[in-house]
Amino acid sequence: MTLPALPERAGDRPETGPEVPHLQFTQTSPPRIREELRRWMAARLPHIITGRSEISAPSSWAVFLDGVAPAEGARLLPPRGDAEFAHLHADGSLHLALDPADHAAFLASGWGERHPLSHLGINVVMLYAPRDEAELAVAKKVIGASYRYATGHEPAATAAV
């Protein structure tokens with residue numbers, strides 16, 4: 001398991017689409033929060049490259065492992081399953097790979113939901129869009145858990161971004 005304990009998410013569950021593309025329609029992130037999250041990911045996740053997602057909508061911003069193999073047993077996002085481990089949508093929600101042992105705790109916390117194709121064995125969950133600074137801090141914890149699952153390493157311990 002790589003997911004730290006999360007506080008329960010406040011408020012109602014946002015409205016999301018029931019099919020692919022799996023998007024969040026309500027309670028989206030303000031642009032400032034999305035940009036702060038992108039900067040944090042680029043600064044704190046070593047050995048990654050960023051670019052357009054290989055699986056999501058063209059507007060999605062993805063993080064891929066760069067020059068490192070995934071941790072043993074890690075199942076990352078399709079189509080390759082060994083490079084893209086998370087992507088950020090224009091609404092502020094993310095899809096990411098998490099250790100399957102963490103799925104139940106993540107879902108119970110109210111911070112996200114299963115991907116509509118999870119029944120096909122795809123290891124992807126949706127993290128709801130952070131709406132404010134407090135939720136951004138939780139999103140960083142979940143993304144850090146995805147990075148640990150993907151790489152077997154901790155995110156970089158740099159100054160706050």
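A polar contact is a pair of N or O atoms within 3.5 Å; within protein, one must be able to donate a hydrogen and the other to accept it, and residues adjacent in sequence count only if both atoms are side-chain atoms. The views below come from a predicted model, in which local features need pLDDT of at least 70, side-chain atom pairs count only at pLDDT 80 or more, and totals for chains, interfaces and linings use all residues. Residues are numbered from 1 along each chain as its sequence is written, and side-chain values use heavy atoms, with hydrogens and water left out.

**View 1. Threonine 151 in helix H3.** Threonine 151 belongs to H3, residues 133-151 (helices are DSSP runs of H or I with at least four residues, strands are runs of E with at least two, both numbered from the N terminus). Its relative accessibility is 9%, so threonine 151 counts as buried (buried means under 20% relative accessible area, exposed over 50%, partly exposed in between, with a 1.4 Å probe and protein chains only). A polar atom of the threonine 151 side chain lies 2.8 Å from the backbone oxygen of tyrosine 147. Leaving aside residues up to four places away in sequence, threonine 151 touches Leu65 and Ala71 (contact means heavy atoms within 4.5 Å).

**View 2. The two ends of H3.** At the start of H3, a side-chain oxygen of aspartate 132 comes within 3.2 Å of the backbone nitrogen of alanine 134. Just after H3, glycine 152 has a positive phi of about 85°. H3 has 19 residues and spans 26 Å from first C-alpha to last, close to the 27 Å expected at 1.5 Å a residue (the expected span is 1.5 Å times one less than the number of residues). H3 is mostly covered, with 15 of its 19 residues buried.

**View 3. Strand S2 and its partners.** S2 covers residues 61-65 and includes alanine 62. Five bridges join S2 to S1, residues 48-52, and the two run antiparallel (strands pair if DSSP finds at least two bridges between them). Arginine 52 has tryptophan 61 of S2 as its bridge partner. Four bridges join S2 to S3, residues 84-88, again antiparallel. Phenylalanine 64 stands opposite glutamate 84 in S3. In a regular strand the side chains alternate between the two faces of the sheet. Both faces of S2 are covered: Trp61, Val63 and Leu65 are buried on one side, Ala62 and Phe64 on the other.

**View 4. Around alanine 62.** Alanine 62 counts as buried because its relative accessibility is 0%. Its C-alpha is 7.9 Å from that of phenylalanine 85, 23 residues apart along the chain. Among the residues that alanine 62 touches are Ile49, Gly51, Ser53 and His87.

**View 5. Helix H1 and its buried face.** The buried residues of H1 (residues 31-44) are Ile33, Glu36, Leu37, Trp40, Met41 and Arg44. Seen down the axis, these buried residues fall within an arc of 135°, so they line one face of the helix (the arc is that of the directions from the helix axis to the C-beta atoms). The face turned away carries the exposed residues Pro31 and Arg32. The buried residues of H1 pack against S1, S2, S3, S4 (94-96) and H3.
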